[in-house]
Amino acid sequence: MRLRTFENAFHSTDKVQGYTHDFYKYPARFSPNFARFMLDSLTEPGDYVLDPFMGGGTTIIEAAVSGRHAIGTDVNELARFVTRVKTTPLSEDDISEIRSWAQDVRFATKENKATQLVQIPIRNMPVAAYSFFDTAIKLAGHLRFPRRRLFARCALLRIGQWALDVRSSTPQIAQLCDELEKKVEAMLKGLSDMVSAARTNGVYKNKVTASRQLFGCSASASLLRRALSRRNVRPKLVLTSPPYPGVHVLYHRWQVLGRRETPAPYWIADVRDGRGASYYTMGGRSTLGVNNYFTELSATFNNLKHIISPDARVVQLVSFSDANRHLPRYLEAMSMAGFEETSAENIDSRQVRLVPNRKWYNQRRLENDAGREVLLIHRPIN
Ligand SMILES: C[S@@+](CC[C@H](N)C(=O)[O-])C[C@H]1O[C@@H](n2cnc3c(N)ncnc32)[C@H](O)[C@@H]1O
């Protein structure tokens with residue numbers, strides 16, 4: 001459904017869902033309604049849109065569906081993995097092989113029940129869950145094409161998050177099997193809805209994948225600049241939410257049985273891990289960490305200034321642990337990178353929205369700054 005007014009889109013309290021958005025609940029996703037409204041208001045079909053901190057790919061999906069070309073990058077390989085799967089349509093044959101795989105997992109895990117595991121190679125992974133995922137991953141390895149294997153691993157990632165992350169007990173293997181079949185069906189439905197919506201906007205199924213380019217590097221990397229300039233790509237809109245200064249978000253771990261962290265998502269997705277939390281947040285919560293954050297922010301936007309179109313708009317949603325102290329520093333970092341604040345299509349910068357359902361804040365903290373997002377709109381100074 002198209003949301004007609006900015007107010008509706010910006011203050012939307014809808015869950016992040018629809019299309020392929022909930023293939024994986026990437027932490028700190030922003031609202032698809034907001035992304036859709038901004039894309040409709042500030043770009044035309046065929047324009048390039050960049051999300052330099054793409055996370056779970058909200059901007060990329062909405063851009064691909066609405067006939068824009070999307071460019072995304074993220075230092076987290078998990079982000080690139082899920083965004084890739086969320087924007088990869090499947091054929092009827094793909095779908096039927098994936099359905100058979102989900103059924104085979106049930107039979108194979110039944111047979112494996114008696115297996116005694118001496119040592120689990122994945123830190124803090126419960127034994128029964130490990131046995132289920134290990135079996136399912138091995139079976140997924142036999143699927144015929146990479147896109148089928150990636151979809152299967154993404155379904156397991158979704159199940160793993162549901163079964164393990166911030167739960168006090170782990171479901172039985174039979175429940176994991178039931179949930180896998182259910183989630184696979186829900187994901188296939190989301191993918192089919194996304195493909196139909198793209199088609200309505202003139203993007204044929206076989207063009208969806210080609211309409212986005214995904215990088216796995218830092219937004220400050222010269223590699224990104226070189227790659228886009230080689231292709232003569234100049235995005236008209238940057239639509240993003242960077243990591244938040246001084247706010248601790250766990251992008252790269254699940255918390256199992258209390259607060260024990262597991263790197264299981266990287267094992268399930270089969271992507272590179274090995275970095276600490278502060279790598280994904282551009283600095284920790286210490287004074288040094290926050291200083292690093294603003295240095296990196298400035299370097300990033302300075303890099304982006306050379307990539308985007310001279311008349312581009314930069315639209316960001318940012319949360320602050322302490323807005324009084326950090327918002328001025330944020331604006332200063334943008335200014336040092338060569339950007340000035342502006343409005344766009346009568347939408348003013350610095351509007352504030354309350355963020356619903358953020359699991360890492362308790363109710364008391366929700367009333368503080370970190371439970372809010374500030375909209376910032378900039379343009380490059382030419
Ligand atoms: C708030 S999340 C983005 C969420 C996204 N808007 C969504 O809807 O899913 C911020 C992302 O920035 C990524 N990140 C952190 N430092 C980065 C850097 N230097 N370059 C690119 N991405 C970075 C993190 O890994 C994280 O995925």
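A nitrogen atom of the ligand is placed 2.9 Å from an N or O atom in the side chain of Ser-241, and a polar side-chain atom of Ser-218 is found 3.2 Å from a nitrogen atom of the ligand. The model is predicted, and local features need pLDDT of at least 70, side-chain atom pairs count only at pLDDT 80 or more, and totals for chains, interfaces and linings use all residues. Residues are numbered from 1 along each chain as its sequence is written, and side-chain values use heavy atoms, with hydrogens and water left out.

Around the ligand there are 23 residues, of which Tyr-26, Gly-56, Thr-58, Asp-74 and Ala-219 come nearest (a residue is near if one of its heavy atoms lies within 4 Å).

Elsewhere, helix H4 (residues 77–86) packs against helix H7 (residues 146–164) at an angle of about 115°, with their axes 10 Å apart; axes are lines fitted to C-alpha atoms over the stretch in contact, and angles run from 0 to 180 degrees between N-to-C directions. Helices are DSSP runs (H or I) of at least four residues, numbered from the N terminus.

Definitions and conventions. Polar contact = N/O pair within 3.5 Å; in protein donor to acceptor, adjacent residues only side chain to side chain. Helix = DSSP H or I, 4+ residues; strand = E, 2+ residues; numbered from the N terminus.
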